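Dear colleague,

Here is the structure I promised to hand over. Please have it open while you read the notes that follow.

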Amino acid sequence: MNKAKLLYDVITTLRGKENLRGTLEAKLEKGQTVVFSVRNDFEKQLGGGKTKLKMTTEMECEGHPGGGWHGCRGRFEHNEAWGRHHHFHGEFHGGIKGKLDRIAFMISVFQALQVETREGQETVLSLNTRDLPEDIRCLVQDKIRHRGMGHHHRGGFLQEFSQAGPVDVQITVLVNDKAEVKQASITAEAVQDGQERLTGQAEVNFVW
């Protein structure tokens with residue numbers, strides 16, 4: 001299957017949607033212990049940039065006092081009406097070098113992207129960072145580290161992985177015969193402090 005044509009069809013289909021609805025479920029494990037999990041039922045207006053969500057979060061931390069990531073075990077529920085979304089920017093360098101880095105990154109990702117057609121006319125897109133060139137893998141690792149350091153007050157996935165060794169990431173996207181994304185999942189694995197294995201998993205199921 002032509003990867004460029006498939007990606008174009010998926011993006012074009014998404015651009016034609018007015019609302020994006022679905023459920024996000026994610027968890028972070030240290031060894032055999034689940035230390036963080038979240039479920040998020042969301043609806044997003046693609047044209048206006050507004051989001052409606054219902055979030056349930058569970059955390060198990062290390063016994064420090066307080067209500068943040070570093071000192072709580074419990075369950076939190078959060079409901080939010082239509083609100084503005086936030087923009088996050090990458091950590092590429094500026095100038096010509098930054099533009100070349102972006103181009104190299106996109107080409108490397110496109111080349112490493114695997115496409116498989118299943119029965120029922122579903123298509124699976126998959127990408128593993130182990131299939132990327134070494135310099136691009138280092139760039140991904142740097143982005144994870146900078147994002148984690150920049151959002152340490154929130155805690156969670158990026159903070160934990162920013163303090164770990166090399167991170168292996170597997171991304172899988174399931175597309176139906178209408179070029180709609182049915183499901184997207186990501187798994188990240190790394191070893192922290194030379195002994196504990198970190199495993200982060202997130203899955204989004206879309207409703208069209």
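Over the face of which ring does Lys-3 lie? The ring is that of Phe-110, and Lys-3 lies 4.7 Å from its centre, where a charge counts as over a ring if NZ of Lys or CZ of Arg is within 6 Å of the ring centre and within 35 degrees of the ring normal.

Please bear in mind that this is a predicted model, in which local features need pLDDT of at least 70 and side-chain atom pairs count only at pLDDT 80 or more, while totals for chains, interfaces and linings use all residues. Residues are numbered from 1 along each chain as its sequence is written, and side-chain values use heavy atoms, with hydrogens and water left out.

There are 2 aromatic pairs, counted where ring centres of Phe, Tyr or Trp (its six-membered ring) lie within 6.5 Å, with planes under 30 degrees apart called stacked, over 60 edge-to-face and the rest tilted. Phe-42 and Phe-206 are edge-to-face, at 6.4 Å between centres and 80° between planes; because Phe-42 belongs to strand β2 and Phe-206 to strand β9, this pair ties together parts 164 residues apart in sequence (strands are DSSP runs of E, at least two residues, numbered from the N terminus). Phe-206 and Trp-208 are stacked, at 5.8 Å and 20°, and ring pairs thus link Phe-42, Phe-206 and Trp-208 into a cluster.

As for confidence, the mean pLDDT (the predictor's confidence in each residue, from 0 to 100) is 80 for the chain, with strand β4 lowest at a mean of 54.

Best regards

Definitions and conventions. Helix = DSSP H or I, 4+ residues; strand = E, 2+ residues; numbered from the N terminus.
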